[in-house]
Amino acid sequence: MLDAINRNLYTELLTKTAPKIIETEAEYEKVLTEIEQLLFNQNRTIEEDTLYDLLVILVEKYETENHSLDVATPNQILQHLMEARSINDSDLLNIFGSQEILTKIKEGSCAINANQAEALADYFHVSPSLFL
């Protein structure tokens with residue numbers, strides 16, 4: 001791909017941007033701003049596309065190392081879906097059979113079984129794997 005770009009223009013972009021491994025949150029924010037500017041430029045050149053790709057790789061590396069997301073547990077996913085869709089416990093009693101079981105599941109002291117996961121998936125229109 002380097003053969004297809006204007007090396008002088010790309011060198012100017014690299015000199016102006018000076019991309020490097022991101023080590024701090026300030027550098028991360030700066031690179032995100034640069035990416036955003038490139039992203040919304042509807043007349044991006046091939047040189048700018050190449051720089052954009054490089055900056056995205058640097059951001060992905062930083063995020064992987066510094067912004068790891070905690071994996072949500074099935075009970076957290078259930079609670080989130082309930083809150084996001086304004087679902088009350090009483091709306092799910094037919095799936096769980098009793099308030100006591102639903103409360104234990106929401107607290108995380110009881111696991112969602114396969115049948116409950118299927119029923120929740122149908123109810124929320126999501127994959128059952130979210131609840132297992």
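Which residues of helix H7 (residues 114–124) are buried? Keep that in mind as you load the model, which is a predicted one.

**Stop 1: helix H7**

Select residues 114–124. The buried ones are Gln116, Ala117, Leu120, Ala121 and Phe124. Now look down the helix axis. The buried residues of H7 fall within an arc of 140°, so they line one face of the helix. The general rule is that an α-helix has 3.6 residues a turn, so residues three or four places apart point the same way.

Next, show what covers the buried residues of H7. The cover includes helix H4 (74–84), helix H5 (89–96) and helix H6 (99–107).

Go to the start of H7. Select Asn113 and Asn115. A side-chain oxygen of Asn113 comes to within 3.0 Å of the backbone nitrogen of Asn115.

**Stop 2: two positive phi values**

Move to the other end of H7. Just after the helix sits His125, with a positive phi of about 60°. His125 is not a glycine. As a general point, most residues other than glycine have a negative phi. Is His125 buried or exposed? With 70% relative accessibility, His125 counts as exposed.

Now select Ser86, in the loop between H4 and H5. Ser86 is also not a glycine, and its phi is positive, about 55°. Ser86 is exposed, at a relative accessible area of 61%.

**Stop 3: helix H1**

Select residues 7–17, which make up helix H1. Color Tyr10, Leu13 and Thr17, the buried residues of this helix. Seen down the axis of H1, they fall within an arc of 60°, so they line one face. Color the other side of H1 too: Arg7, Asn8, Glu12, Thr15 and Lys16 are exposed there.

What do the buried residues of H1 pack against? Show H2 and H3: these are their partners.

Check both ends of H1. At the N-terminal end, Asn6 is the cap, with a side-chain oxygen 2.9 Å from the backbone nitrogen of Asn8. Just after H1, Ala18 has a positive phi of about 50°.

**Stop 4: H2 against H3**

Select residues 25–39 for helix H2 and residues 46–66 for helix H3. These two helices pack at an angle of about 145°, and their axes are 10 Å apart. The crossing of H2 past H3 is left-handed.

Show side chains at the contact. From H2, pick Glu25, Tyr28, Val31, Leu32, Glu34, Ile35, Leu38 and Leu39. From H3, pick Glu48, Leu51, Tyr52, Leu55, Val56, Val59, Tyr62 and Glu63. How many residues of this contact are nonpolar, polar and charged? The contact of H2 with H3 has twelve nonpolar residues, no polar ones and four charged ones.

**Stop 5: Glu48**

Finish by zooming in on Glu48, in helix H3. Glu48 is a buried residue, with 16% relative accessibility. The cut-off for buried is under 20%, so Glu48 qualifies.

Show its surroundings. Leaving out residues up to four places away in sequence, Glu48 touches Leu13, Leu38, Asn41 and Asn43. Leu13 is one of the buried residues of H1, and Leu38 belongs to the H2 side of the contact with H3.

The side chain of Glu48 reaches the backbone nitrogen of Thr45 at 2.8 Å.

Last, zoom out and select Arg85. Glu48 and Arg85 are 37 residues apart in sequence, and their C-alpha atoms are 42 Å apart in space.

Note on methods
Residues are numbered from 1 along each chain as its sequence is written. This is a predicted model: local features need pLDDT of at least 70, side-chain atom pairs count only at pLDDT 80 or more; totals for chains, interfaces and linings use all residues. Side-chain values use heavy atoms; hydrogens and water are left out. Buried means under 20% relative accessible area, exposed over 50%, partly exposed in between (1.4 Å probe, protein chains only). Helices (H or I, at least four residues) and strands (E, at least two) are DSSP runs, numbered from the N terminus. The arc is that of the directions from the helix axis to the C-beta atoms. Contact means heavy atoms within 4.5 Å. A polar contact is a pair of N or O atoms within 3.5 Å; within protein, one must be able to donate a hydrogen and the other to accept it, and residues adjacent in sequence count only if both atoms are side-chain atoms. Axes are lines fitted to C-alpha atoms, for helices over the stretch in contact, and angles run from 0 to 180 degrees between N-to-C directions. A crossing is left-handed if the near helix is turned anticlockwise from the far one by less than a right angle, and right-handed if clockwise. Ala, Val, Leu, Ile, Met, Phe, Trp, Tyr, Cys and Pro count as nonpolar, Asp, Glu, Lys and Arg as charged, and the others, Gly among them, as polar.
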